[in-house]
Amino acid sequence: MEIRAAITAVGGYVPEKRLTNFDLEKMVDTSDEWIRDRTGIEERRILEPEKATSDMAVEAIKDLLAKTDYTPEDIDLIICSTVSPDHVYPATANIISDKIGAKNAWGFDMNAACSGFLYALRTGSQFIESGMHKRVLVVGADTMSIRVDYEDRNTCIIFGDGAGCVLLEPNAEGLGIVDSQFYVEGAGRQYLFQKAGGSAVPTTIDTVQNKEHFIHQDGRTVFKFAVKGMADTTEEVMKRNNLTADDIAYLVPHQANKRIIDATANRAGLPSEKVMVNIQRYGNTTNGTIPLCLWEWEKKLKAGDNLLLSAFGGGFAWGCIYLKWSY
Ligand code: UT7
């Protein structure tokens, strides 16, 4: 039987500090009721200022490794998906490998905005399927609090900090990643982006003063594309694999807005008990959302469960992975 890349362990980490809707009521012109109604979010976690994205990733990996018999030296490759790397370069994956002592691993970062974890998971799976590697760590981690203008009510209510990770290993029993579908539509890039800090708009005193290093989002436009993109791709992957709602154990959606999640689940015909939702506790942790869902639901999953992982985000970039859970 063909070799598939199966998730064999999951880890997660969220910072202690909570930022509630009631805290935000004191910071911008908003209300707990508006935020809950329009997004489903009640609180998010905020990383301590002296810590970085790699520190959350390291905690998540320690959590994962503690559930296995492996040591950091057993890891072949670390892929870190993030939009808030420790530095512009080197890659956060390199910093993580040093901090955990993964002496035999190489690594790199990936950026596909909110869909980054799925892109990284599919990339990591190639190294397993080809036979090149035996153990690949895929990490999704973001410190969104450094990207948010806490005077902008359109964005500051949405995002939070967190990290999750999975271990990929070969499986010859038909379990693991079965299929996937990805898209990018670069024409949508102006609706969700960080204007300054790259080569197009280098950092200057003006870009800092004009707040061009924070998230810019046209929420209403992104919302419309997200509902269609996530629902269409999930449906496409289901049809191609002859899956009906009854065959699916869980939809694992990117946690950007409860209403986007509900629309995707409705189109797939999935009842709420088959949809992983933790947006109320963590908000949108960008690359952290999907692995943090798997982390929280891990004990409920069993070998052979069909999962659909689905995301939409800046770029636009979106996609869906169909996998069979392996343990
Ligand atoms: O993860 C990456 C992908 N990102 C997403 O998928 C995010 C997609 N977008 C969204 O989730 C939603 O568009 C938001 C949550 C960002 C906004 O919700 P919305 O229902 O689309 O609101 P809106 O922007 O259409 O604004 C509706 C009203 C406006 O007032 P008027 O013009 O109708 O008087 C806003 O000014 O709500 C107002 N508003 C707020 N009111 C209270 C906007 N933000 C807030 C706020 N508190 N925080």
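**Exercise 1. Work out which residues are closest to the ligand, and which polar side-chain atoms lie by its nitrogen and oxygen atoms.**

Step 1: Start with the surroundings. The ligand has 23 residues around it, and the closest are Thr30, Arg38, Arg220, Asn257 and Asn284 (near means a heavy atom within 4 Å).

Step 2: Keep in mind that this is a predicted model, where local features need pLDDT of at least 70, side-chain atom pairs count only at pLDDT 80 or more, and totals for chains, interfaces and linings use all residues. Residues are numbered from 1 along each chain as its sequence is written, and side-chain values use heavy atoms, leaving out hydrogens and water.

Step 3: Now go atom by atom. Thr30 puts a polar side-chain atom 2.7 Å from a ligand nitrogen. The side chain of Gln217 has an N or O atom 3.2 Å from a nitrogen atom of the ligand.

**Exercise 2. Describe how domain 1 and domain 2 meet.**

Step 1: Domain 1 covers 4-174 and domain 2 covers 178-324, as given by an automatic or database domain assignment.

Step 2: Count the contacts. 51 residues of domain 1 touch 46 residues of domain 2, with contact meaning heavy atoms within 4.5 Å.

Step 3: Look for salt bridges (a side-chain nitrogen of Lys or Arg within 4 Å of a carboxyl oxygen of Asp or Glu). Separately, check the side chains of Asp149 and Lys211: they form a salt bridge at 3.2 Å, N to O.

Definitions and conventions. Polar contact = N/O pair within 3.5 Å; in protein donor to acceptor, adjacent residues only side chain to side chain.
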